[in-house]
Amino acid sequence: MGRLRAAIQTLADMELEPDEVLSRIADLVQRLAAEAPLGDRDIVGGTCLYAVYDPVTRRCAMASAGHPPPVLVRPDGTAEAVEISPGPPLALSGMPYETTVIDVEPGSVLALYTDGLVERGDRDTGQGLPRLTEALAAYCRPDRALDETGRALLVDLADQAPRDDAALLLARTRAIPEADTAHWEIPADPAAVSKAREWITRQLAIWGLDDLLFTTQLIVSELVTNAIRYGRPPMDLRLIRRHVLVCEVTDSSSTQPRLRRARTTDEGGRGLFLVAQLGGRWGCRHGQNGKTIWSEQVIQDSP
């Protein structure tokens with residue numbers, strides 16, 4: 001399990017789609033099973049539910065490898081299990097995984113759990129899941145802390161002597177207001193770099209982030225230049241303001257950007273190096289229609 005945790009954290013940093021993450025983890029588990037002693041191969045395996053929530057679009061993408069479906073508790077107190085298409089457990093192969101995307105209202109609670117919480121000596125998952133759903137609807141209240149809610153649920157639902165481990169993870173969703181995001185379409189023209197700097201100047205002035213103007217202009221210049229040179233239209237630039245300022249440039253190419261050390265005689269190759277030096281964090285995520293390169297800067301004295 002330690003090896004799987006490390007692998008999942010690494011793949012999460014690569015920002016792959018949930019189905020792709022599970023496919024790569026399944027390959028790892030099958031390799032570990034093949035390397036295990038003959039008597040231990042049957043016990044090498046596991047199930048997994050992988051979910052990613054986007055606070056801008058307010059959508060959650062998830063995929064399951066033989067794991068029970070999550071339960072969604074809405075702000076109005078209604079709750080239901082999410083309909084997902086579960087793939088095979090991680091030790092099996094031959095079947096693809098499927099990503100399910102749902103819209104999630106701000107203030108909702110997503111409940112992820114192990115089957116030990118819904119399977120007891122006197123009932124199976126078919127009986128335990130409705131009971132869990134009812135309990136979540138009753139316990140998850142907006143004015144109640146999630147750690148308190150989780151402890152109460154475990155006391156109520158878990159067996160005194162469970163047949164399997166019982167774990168519960170609760171996450172309350174938040175949303176980024178529209179006023180804290182800004183979007184600009186990038187023309188496929190080298191002159192768009194200077195226009196992007198002008199747009200950045202106006203937007204940061206509106207947000208009162210003039211202290212980040214210089215570094216943001218440099219970051220955006222490099223990202224937009226790379227998108228025009230190496231990417232494909234359509235392209236766009238997005239800013240997100242929270243406790244950090246996020247700059248995102250999206251294009252329709254799936255080419256993976258590489259951070260490298262340019263030689264003194266090289267004419268290019270320094271763009272991502274500058275982005276990495278100027279921002280706190282940076283990365284690249286891939287979608288079905290291209291990729292997005294992003295960079296974060298800390299906003300000083302942010303609320």
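Start with Cys-140: in this predicted model its relative accessibility is 8%, so with buried meaning under 20% it counts as buried. What about disulfides? A disulfide is a covalent bond between the sulfur atoms of two cysteines. With a cut-off of 2.5 Å between sulfur atoms, the count here is 0 disulfides.

Now look at strand E5, residues 100-103. In a regular strand the side chains alternate between the two faces of the sheet. In E5, Thr-100 and Ile-102 make up the covered face, while Val-101 and Asp-103 sit on the uncovered one. The partner to look for is strand E2 (residues 59-65), which runs antiparallel to E5 and is joined to it by 4 bridges. To get your bearings in that pair, find Ala-61, which stands opposite Val-101 of E5.

Next comes a sheet of 5 strands. It is open, its pairing is antiparallel, and the order reads E8-E9-E10-E12-E11. Which strands stand at the edges? They are E8 (181-186) and E11 (281-287); each has a single partner strand, so one side of each is left without a neighbour in the sheet. On average, and ignoring direction, neighbouring strands of this sheet are turned by 15° against each other. Within the sheet, E10 (residues 244-251) and E12 (residues 290-298) run antiparallel and are joined by 8 bridges. One spot to check in that pair is Asp-251, with Lys-291 of E12 opposite.

Two helices lie across this sheet. H5 lies across E8, E9 (235-241) and E10, and runs at about 170° to E8. H6 lies across E8, E9, E10 and E12, running at about 15° to E10.

The two helices also meet each other. How do they cross? The axes of H5 (residues 192-207) and H6 (residues 213-230) come within 9 Å and cross at roughly 145°, and the crossing is right-handed. On the H5 side, the contact residues include Ala-192, Val-193, Ala-196, Ile-200 and Leu-204; on the H6 side, among them are Leu-213, Val-220, Val-224 and Ile-228. Sorted by class, the contact of H5 with H6 has 9 nonpolar, 5 polar and 1 charged residues. Arg-197 of H5 is part of that contact as well.

Note on methods
Residues numbered from 1 in each chain as written. Predicted model: local features only at pLDDT ≥ 70, side-chain atom pairs only at ≥ 80, totals over all residues. Heavy atoms only, no water. Buried < 20%, exposed > 50% of the residue type's maximum accessible area, 1.4 Å probe, protein only. Pairing = 2+ DSSP bridges. Axes fitted to C-alpha atoms, helices over the stretch in contact; angles between N-to-C directions. Left-handed = near helix turned anticlockwise from the far one by under 90°. Contact = heavy atoms within 4.5 Å. Nonpolar A, V, L, I, M, F, W, Y, C, P; charged D, E, K, R; others polar.
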